[in-house]
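Subject: Structure for your files

Hello,

The structure you asked about is below. My notes on it follow.

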Amino acid sequence: MKIYYDSEVDALYIELLPLATATAETRELSEEIIANYSPDGKLAGLEVLDASLVLGEQLQEIIIENAAGKVLHRMAIL
C-alpha cells in the first residue's frame, strides 16, 4: 500500500493495488471521495479531494499500527 498527498491540489490518494494506466473503473462515493477499482472489481485505491478540509487534523500525521493497536511507525505529512 502507498499513500500519496499532493499539497498543490490538496488531494490524498491511498493506493491498495497498483494499476496500469487507464485501467481503473472509478466510482464517486461522495463529492470528495472517489474509489478506483481494478478490471476484476477489486478496490485498488481511494482518492480524497479537498483532503485538508475532509480529514482536518488527521491529515497532519500518518500512524501505522498492527492488529493489536501497537504503533509501528509515525510520519508527519505537513
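Among contacts (heavy atoms within 4.5 Å) between residues at least 6 apart in sequence, 31% join residues at least 24 apart. This is a predicted model, where local features need pLDDT of at least 70 and side-chain atom pairs count only at pLDDT 80 or more, while totals for chains, interfaces and linings use all residues. Residues are numbered from 1 along each chain as its sequence is written, and side-chain values use heavy atoms, with hydrogens and water left out.

The protein has seven strands and one helix, in the order β-β-β-β-β-α-β-β along the sequence. Helices (H or I, at least four residues) and strands (E, at least two) are DSSP runs, numbered from the N terminus.

Of the 78 residues, 21% are buried, meaning under 20% relative accessible area with a 1.4 Å probe, protein chains only. The protein exposes about 5,700 Å² (Shrake-Rupley method, 1.4 Å probe), and carbon and sulfur atoms supply 53% of that area.

The largest pocket holds about 200 Å³ of space. A pocket here is an open set of points on a 1 Å grid where a 1.4 Å probe fits, with protein on both sides within 12 Å along at least five of seven lines; lining residues have an atom within 4 Å of a point. The volume is the space filled by probe spheres set on those points. Twelve residues line this pocket, and Ile-3, Leu-12, Ile-14, Glu-61 and Ile-62 lie nearest its centre. Strands E1 (2-6), E2 (11-15) and E6 (61-65) each supply at least two lining residues, with E6 giving the most, three.

Regards

Definitions and conventions:
Buried < 20%, exposed > 50% of the residue type's maximum accessible area, 1.4 Å probe, protein only.
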